[in-house]
Amino acid sequence: MKKIFLIALLFAGMVLACGCTEEGTTPATPTPVPTAPATTTTTTTTTATPAAPAGALPVALSSSNPNATLSLDAGVLLVSFHAAEAQEMEITFANVSQECGESNEFSMTAPYNGSVVFEIPQKDEYLLNITGTGAWTAEASKYAGGETLKAPLNLTGNGTEVPQALYLEEGQYLFERNETGEASPLYLMRYENGSFLMDTDQTHVQTEFGVLSTETSRNLTVPESGTYLLSVIAGENPTPWTVSISQANETTSA
């Protein structure tokens, strides 16, 4: 009896074991996790405006920023200035090697706006320096002549300035001024490229009178037809001046 009971008990254990193996446990199905919708990002590209290269024109100067180093091609430099009060002023322009340069000195007896020009003889690095004993501002730019005046003509002004450009035919002219001696400004006639219109001996500018000269006129020889610039440098500003330019065989009424 015991043997039969043990066999039966063993058989029941085997069936139970087989049942557990066949039915097993079904793995749980993962619950899907909601995915957030994709976000589209728009990138805006901003194109910056390139800054003007160092030493480019135009350039602003002032009594608190009186110097500029400029990389320039050949041509003519125009310096326009405003003196805010009575003062002494000097404007100097030269290449960095100091091989060539110009300097103008004058004074203001009141607030004054004026202009000067300088030749840029070749592509190079140049130094522009302005000194003053009071407050002032200035701007340097390439000279653009625009429309020209033709002889015969009368020119009037009020101190240091660059009048409208002139167109002169090749030939002989009479250059006359009203003021003489120290009361007269310095008149400097230039070619369109800024170089001076010198006399045949290359000793002085044709329109240049001596500081104490009492002459009222000069013969002016124009070697070739073209555009010319007249730069007027007055010792004191403002101060009135008048000049006339006429062909040698003509007269010009004042």
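**Figure 1. Surroundings of F81 in the predicted model.** F81 is in contact with M89, I91, F106, M108, Y112, N113, G114, S115, T137, A138 and T160, leaving aside neighbours within four places in sequence. F81 is also among the residues with the most contacts inside the largest nonpolar core. That core has 27 residues. V79, M89, I91, F93, F106 and L128 share this listing with F81. Two or more residues each come from β1, β2, β3, β4, β5 (101-108), β6 (112-120), β7 and β8 (136-142). Nonpolar side chains tend to be buried together in soluble globular proteins.

**Figure 2. A83 in strand β3.** Strand β3 covers residues 75-83 and includes A83. Is A83 buried or exposed? A83 counts as buried, because its relative accessibility is 0% and the cut-off for buried is under 20%. Beyond four places in sequence, A83 is in contact with M89, M108, P111, Y112, A135 and W136. G134 is 51 residues from A83 along the chain, yet their C-alpha atoms are separated by 7.6 Å.

**Figure 3. The open sheet of 5 strands.** The strand order is β2-β7-β4-β5-β16, and the pairing is mixed. Which strands stand at the edges? They are β2 (67-72) and β16 (236-237). Each has a single partner strand, so one side of each is left without a neighbour in the sheet. Strand β4 (residues 87-95) pairs with strand β7 (residues 124-132) in the antiparallel sense, over 7 bridges. Within this part of the view, M89 has G132 in β7 as its bridge partner.

**Figure 4. Edge strand β2 and its two faces.** β2 and β7 run antiparallel and are joined by 6 bridges. L72 has D124 in β7 as its bridge partner. The covered face of β2 holds A68, L70 and L72. N67, T69 and S71 make up the uncovered face. Side chains in a regular strand alternate between the two faces of the sheet.

**Figure 5. T227 and its contacts.** T227 lies in strand β15, which spans residues 226-233. Its relative accessible area is 19%. T227 therefore counts as buried, since the cut-off is under 20%. What does T227 touch, residues up to four places away in sequence not counted? The partners are T148, A165, L166, Y167, Y191 and E192.

**Figure 6. Two cis peptide bonds.** One runs from L57 to P58, with omega near -5°. P58 is found in the loop between α1 (2-23) and β1 (59-62). The other runs from N237 to P238, with omega near 0°. P238 is found in the loop between β16 and β17 (241-247). Most peptide bonds are trans.

**Figure 7. Q202, a residue with positive phi.** Q202 has a phi of about 60°, although it is not a glycine. Most residues other than glycine have a negative phi. Where does Q202 lie? Q202 is in the loop between β13 (186-191) and β14 (217-222). With a relative accessible area of 56%, Q202 is exposed, because the cut-off for exposed is over 50%.

Notes. Residues are numbered from 1 along each chain as its sequence is written. This is a predicted model: local features need pLDDT of at least 70, side-chain atom pairs count only at pLDDT 80 or more; totals for chains, interfaces and linings use all residues. Side-chain values use heavy atoms; hydrogens and water are left out. Helices (H or I, at least four residues) and strands (E, at least two) are DSSP runs, numbered from the N terminus. Buried means under 20% relative accessible area, exposed over 50%, partly exposed in between (1.4 Å probe, protein chains only). Contact means heavy atoms within 4.5 Å. Two strands pair if DSSP finds at least two bridges between them. A nonpolar core is a set of buried Ala, Val, Leu, Ile, Met, Phe, Trp, Tyr and Cys residues joined through side-chain atoms within 4.5 Å.
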